Amino acid sequence: MQGEQDLKMIRILQAAHPGVLINNKIVEPNPQHVAAYKELVNQAPDLQGVSFIWHQLTCSEYEQQVKEKCINKKFDFIHMIQMLYCVEDIPNTIKFFHSCLGHQGKLLIIILSACGRSTGTACLQPTAATTSPPMASQLF
């Protein structure tokens, strides 16, 4: 099911940093995967302090949107689980997402063997505004 690994990471961050706000931006082109992830979120009673922003887009579409709108938001943590199988230009995709990281941001890429391949999700967790509590991913 889509979103399980994402929620595991969020729960680890919550346990390590209780009360810290987490803004989770999801980029996923597959509507069934988005729906499955949303269902997991709706069934999870332990996601207080976590916001979800859903973008049903490919990585290329997301990149184009960011560039066209001159969005310069930086992220503390970006993970790409099983999603590089879905892009045409892997080096430039990695370069783009790396450019979206804040000064001490982290990029996590997970690729499983072909037998475990599925389309994946790229989740972005933006840095907190100066008036907000620090985000969990800032504390890495």
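**Close-up views of a predicted model**

**View 1. Tyr62 and Phe96 pair across two helices.** At 3% relative accessibility, Tyr62 is buried (under 20% relative accessible area; exposed is over 50%, partly exposed in between; 1.4 Å probe, protein chains only). Phe96 is buried too, at 6%. Their ring centres lie 6.3 Å apart with planes at 70°, so the pair is edge-to-face. Rings of Phe, Tyr and Trp (its six-membered ring) pair if their centres lie within 6.5 Å; planes under 30 degrees apart are stacked, over 60 edge-to-face, the rest tilted. Tyr62 sits in helix H3 (residues 59-68) and Phe96 in helix H4 (residues 90-99), so the pair ties together parts 34 residues apart in sequence. Helices (H or I, at least four residues) and strands (E, at least two) are DSSP runs, numbered from the N terminus.

Residues are numbered from 1 along each chain as its sequence is written, and side-chain values use heavy atoms, without hydrogens and water.

**View 2. Ring pairs link Tyr37, Phe52 and Trp54 into a cluster.** Phe52 is buried at 17% relative accessibility. Trp54 is partly exposed at 25%.

**View 3. Strands E1 (residues 22-27) and E2 (residues 50-55) run parallel.** Six bridges join them; strands pair if DSSP finds at least two. Asn23 stands opposite Ser51 in E2.

Conventions: Predicted model: local features only at pLDDT ≥ 70, side-chain atom pairs only at ≥ 80, totals over all residues.
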